[in-house]
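Here is a short report on one protein model. Keep the sequence and the structure open while reading.

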Amino acid sequence: MHRYDEDTDHLARAVFEYALQRVRMDPPDLDGPVPAAYLREVVGQTITPDGIGGHEALRLFVEHLAPACISVDHPRFLAFIPSAPTEASVLFDLVVAASSLYGGSWLESAGAVYAENQALAWLAGLAGLPETAGGCFVSGGTAGNLSALVAARFAAADRRERRPKRWSLLATGRSHSSIQAAADVMDVDVVLVEPDAHGRMTGSALGRRLDELDNEQREGLFAVVTTAGTTNLGVIDDLETIGFLAKTNDLWMHVDGAYGGAALAAPSKRHLFEGIEHADSIVLDPHKWLFAPFDCAALIYREPELARQAHTQHAGYLDPINERDEWNPSDYAHHLSRRARGLPFWYSLATYGTRAYRDAIEKTLDVANQAARLIDERPHVELLEEPTLSIVAFRRLGWSESDYQQWSERMLEAGIAFVLPSEFEGETILRLAIVNPTTTAHDIAEILDHLA
């Protein structure tokens, strides 16, 4: 298994040829899920004592397993938050895998960490954080949010004279589900702040909520979680005022910008993020709107040393690493083993330049605005509200929840588009998450016409 022989060479060429064909597909097939019974019939059991051979396993993947997965990079994949990795980032992901890199420490992967840190520095600069800011790449927003909040609680405990009976954080009901998940893992309470009519946390609402708490509840607060682009509608909280209140109330300000933070690179939207520079930690996912492959989320701290103290693991075999004064990504999140997942993003940035990223993001924003106008022009659909970023939410007039679901299933089965119903204020709606620069207004128009 660990020798490169003639058979391995033939297999490598077959694998690389498939990868090359997939990168060339423009657009790829949308594809979609199939019943498990079908896969049992056509694929069968693949894990056997003697193996089925690399060529046969590749054939099964190409002919049956891959087509049973929806292509997230399809221009009409508009559900959830899609991904549209650049060709350079996809190709370099192959390089990262082939290089057998351990990305946890400077000792073992100094070159990889150096490159990743340049990509992190660009993101931190977009947010207006100081040059001393830093962090690491983690698997996704869920891991990033949890790690940031662990660091926030550690910092609060370290500077306070006594621990409260219960720790708690502030968020809104529109915060990403991973915030509640992180609170559950940490066994802390979530104190909800009422969002405004657009789903934003405002400084005034936060101030009122703080005034409502008694002394014991106030003592337990250690962080306020803000959102820079909600997953459902792309809403951005009042970061400026919240940042002021966080500082005056001794609270760590965390910004979940997993989706929307990419728009920091767009001059047309940068003003919406005023106040993000006050953040103590930020999460941005390049595998969403910054054109990197899965799994790549940037976790950035204003004061990385606080995170290092919170997350560094200690053991006899780790002492040779911990005793060195170097940047170890394993010290900045809830992880130890990690792949150098930021390298494909770094390579893409280095290849195309930041202006190309700016232009690609602006293009998706323009398509989102065109989509809103196309909705306004059609009598059978109605815009929920003007898009803040690149998510366009709307309703199909006269439809029930089952109508939406059946339409969505038909569209996917026909290979036309992947658009799922969502919910807002108890109402079933549709949302288009436009983060792929190859998505066009024509794509949107065809989807809308299928709703008639």
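## Cysteines

Cys-296 is buried, at 1% relative accessible area. The model is a predicted one. Cys-136 is buried as well, with a relative accessible area of 2%.

How many disulfides does the structure hold? The count is zero. A disulfide needs two cysteine sulfur atoms within 2.5 Å. For Cys-136, the nearest cysteine sulfur belongs to Cys-296 and is 11 Å away. Seen from Cys-296, the nearest cysteine sulfur is that of Cys-136, again 11 Å away. Cys-136 is in no disulfide, and Cys-296 is in none either.

## Nonpolar cores

The largest nonpolar core has 59 residues. Trp-122, Leu-170, Trp-289, Phe-345 and Ile-361 touch the most other members. Helix H5, residues 106-126, supplies the largest share of this core, with six residues.

## Thr-312

Thr-312 sits in the loop between helix H12 (304-311) and helix H13 (319-322). Is Thr-312 buried or exposed? Thr-312 counts as buried because its relative accessibility is 12%, and the cut-off for buried is under 20%.

The Thr-312 side chain reaches the backbone oxygen of Arg-308 at 2.7 Å. The side chain of Thr-312 also makes a polar contact with the Asp-331 side chain, at 3.3 Å. Leaving out residues up to four places away in sequence, Thr-312 touches Asn-322 and Asp-331.

Definitions and conventions. Residues are numbered from 1 along each chain as its sequence is written. This is a predicted model: local features need pLDDT of at least 70, side-chain atom pairs count only at pLDDT 80 or more; totals for chains, interfaces and linings use all residues. Side-chain values use heavy atoms; hydrogens and water are left out. Helices (H or I, at least four residues) and strands (E, at least two) are DSSP runs, numbered from the N terminus. Buried means under 20% relative accessible area, exposed over 50%, partly exposed in between (1.4 Å probe, protein chains only). A polar contact is a pair of N or O atoms within 3.5 Å; within protein, one must be able to donate a hydrogen and the other to accept it, and residues adjacent in sequence count only if both atoms are side-chain atoms. Contact means heavy atoms within 4.5 Å. A nonpolar core is a set of buried Ala, Val, Leu, Ile, Met, Phe, Trp, Tyr and Cys residues joined through side-chain atoms within 4.5 Å.
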